[in-house]
Amino acid sequence: MKDNQNNVLLRVNDLHKKFGKLEVLQGVNLEVNKGDVVAIIGPSGCGKSTFLRCLNFLETPNSGEIIFNGDTVFKNMRVYLKRNLRAMRAQKEYDKELYAQIEAEYISLKKEEKVIEKQMNKGINLHRQKIGMVFQQFNLFPHLTILQNITLAPMQLKKLPKDQANEMAMELLKKVGLEDKANAYPSTLSGGQKQRIAIVRALAMEPEVLLFDEPTSALDPEMVGEVLNVMTELAKSGMTMIVVTHEMGFAKEVANRVIFMNDGVIKEENSPEEFFGNPKDERLKEFLSKVL
Amino acid sequence: MKNIEIFIEHFITYGGYKDYFKGLANTAIIAVFGLLIGFVIGCIIATVKIIPRKNVFFKIVDKIFDVYIALFRGTPMVVQLLLMHFALFPAIGLNIPSVAEAVIIFGLNSGAYMAEILRGGINAVDIGQMEAGRSLGFGFVQTMIRIILPQAIKNILPTLGNEFIALIKETSVVSFIAVLDLTKSLQNIANSTYEYFVPYIVLALTYLILVLGITALIKLMEKRLARNER
């Protein structure tokens, strides 16, 4: 199993996220290996996107643990101990010894977690460089040409010389068949083209994992294929991908693991064959009967 | 025709044109540098104002900016000039040319307006742009400078043009603190000849030409920035 341990890129333990009173994530556990293509499906409002956004801290989780490449990038487990302590205090009689023990544990945990928090406050931009993200609404920069969109981050953040950055960008553009658009502005592109550029822009930072937040949901049906093709090629090249999607075909054909989320937790996780051929969760059965 | 002759005589023969061009230069210096200072101040304030979760330091800074905006938008330009030139600057021992004083005061004044203009422009940029920038690994300030502000400025360019035009016209009160500006230079000619008609017509025309020139310039900039639209 040690070999497998080294292969783990991302581990998420008991992740919780609240928006006000609404608890969107209610304890998500997930392990992603290098080269995995994970498809996350589920009804809207189930927390798929929020989960994805927690991974690169576009949303800050409330509690849980995220370990990326062996580094703990987020940890807040002390809330449970705090809750225990409060519950104990609420009782008239409680085990003072046990209380002191938990309290000591709480204090040391708090120390540890504060250190991680401080490191992440400084290291967050570096962390995000390793995690590419593709959005539903593309979010290309409208004031820059396609080439500038792609080379901006590598040139500014990785200090890549301009000619090298341009060369790399052109190579990537060729791969998605859009090299003739290098000097065009995003507003002249179709939705499918924009999304392919958005993928290239994320790839230009050479991330270790790519997150896709419903990449084809804002596209005309005609254009879904061209984006999925790019993603399929990417998966074949060994890229680690986590994809929130409504494209069951993609989940079935390209992903090697499919996850069903509902009510802020992962209800079912399986290989695509098992997942679609033999679903176990009742809600998943219902969901699949509606979308397939 | 006689009053034109008198004016020309004063303007050319008695060297009135020297004052006129010096005044024109001062007006331009105060307006342009005032605008630049105001723009920088406005960018800083607007950026601080849109930071999502502020810590204590930024909350205090935010409040200070609120007071600053209230003071400079709540009092007339002339009052600010008089107060600073005759009371505040001497009190802190600041001893610089009156034109420099005017630049500072106009910059501070325009910054208060610019902050609100820029905040509106920044808010109009899609939130997804900030998220895209951050997800690539840019910090908040970097994303602001490279991605958000260029788009915000494009949005507010017509309003910025308005602000610049207003600023140019407002400079006509700097003679209160003994700066020789366009207005003062022609006022001097009028006062020494007791002939008011021509000098003030020339004065009005000069401002009009300045403003029309700026309007054309802004149109040109808008066109240039619009090249990323279909």
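Student: Which residues in α1(B) meet which residues in α9(B)?

Tutor: N3(B), I4(B) and F7(B) on the α1(B) side meet V198(B), P199(B) and V202(B) on the α9(B) side. Contact here means heavy atoms within 4.5 Å. Ala, Val, Leu, Ile, Met, Phe, Trp, Tyr, Cys and Pro count as nonpolar, Asp, Glu, Lys and Arg as charged, and the others, Gly among them, as polar.

Before we go on: this is a predicted model, where local features need pLDDT of at least 70, side-chain atom pairs count only at pLDDT 80 or more, and totals for chains, interfaces and linings use all residues. Residues are numbered from 1 along each chain as written, chains are lettered from A in the order written, and side-chain values use heavy atoms, without hydrogens and water.

Student: Why is α1(B) called roughly perpendicular to α9(B)?

Tutor: The axes of α1 (residues 2-13) and α9 (residues 197-225) of chain B come within 8 Å and cross at roughly 70°. Roughly perpendicular covers 65 to 115 degrees (under 35 is roughly parallel, over 145 roughly antiparallel, the rest oblique). The angle is in that range, so α1(B) is roughly perpendicular to α9(B). The axes are lines fitted to C-alpha atoms over the stretch in contact, with angles from 0 to 180 degrees between N-to-C directions.

Student: How many helices and strands are there in chain B?

Tutor: Chain B has 9 helices and 0 strands.

Student: What makes E131(B) and R53(A) a salt bridge?

Tutor: Their closest N and O atoms are 2.6 Å apart. The rule asks for a side-chain nitrogen of Lys or Arg within 4 Å of a carboxyl oxygen of Asp or Glu, so this pair qualifies. Across the interface of chain B and chain A, the rule finds 1 salt bridge. On the chain B side, α6(B) supplies the largest share, 8 residues. That side divides into 5 nonpolar, 9 polar and 8 charged residues.

Student: How much area do chain B and chain A bury between them?

Tutor: About 2100 Å², 55% of it on carbon and sulfur atoms. Buried area is the accessible area (1.4 Å probe) lost on putting two parts together, summed over both. In chain B, S135(B), L136(B) and N228(B) lose the most, together 30% of what that side buries.

Conventions: Helix = DSSP H or I, 4+ residues; strand = E, 2+ residues; numbered from the N terminus.
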